[in-house]
Amino acid sequence: MASNENLSPYKLVYVIVNFGKGSEVLRIARANGTNGGTILLGRGTVKSGLLNFFALYEIRKGNSLDSCRQ
């Protein structure tokens, strides 16, 4: 059986949002206890009915990486 003693007390929250919404996600994450975050800009290239269903059809994306304690 594996031991839990080497596990990090931190979790990574990764969120993909439409361009321009990353700052809002980071603000909400900080208000809920994250220690900090990074926003990365990305650009999608795939057209998909599933992505349209989830309203992820904007090709420019913001990726928010936030860390928090468990």
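Predicted model: local features only at pLDDT ≥ 70, side-chain atom pairs only at ≥ 80, totals over all residues.
A contact here means heavy atoms within 4.5 Å of each other.

View 1. Residues are numbered from 1 along each chain as its sequence is written, and side-chain values use heavy atoms, with hydrogens and water left out. Take the contacts in the chain with a separation of 6 or more: 70% of them come from residues 24 or more positions apart.

**View 2. Helices and strands.** The chain has two helices and three strands, and reading from the N terminus you get β-α-β-α-β. Both kinds of element are DSSP runs numbered from the N terminus: helices are H or I with at least four residues, strands E with at least two.

**View 3. Confidence along the chain.** pLDDT is the predictor's confidence in each residue, from 0 to 100. Its mean for the chain is 76, with 74% of residues at 70 or more. Helix α1 (residues 22-31) has the highest confidence, at 86, and strand β3 (residues 60-69) the lowest, at a mean of 66.

**View 4. Leu51 in helix α2.** Leu51 sits in helix α2 (residues 49-53). Is this leucine buried, exposed or partly exposed? Leu51 counts as partly exposed because its relative accessibility is 30%; buried means under 20% relative accessible area, exposed over 50%, and partly exposed in between (1.4 Å probe, protein chains only). Across the 70 residues of the chain, 19% count as buried.
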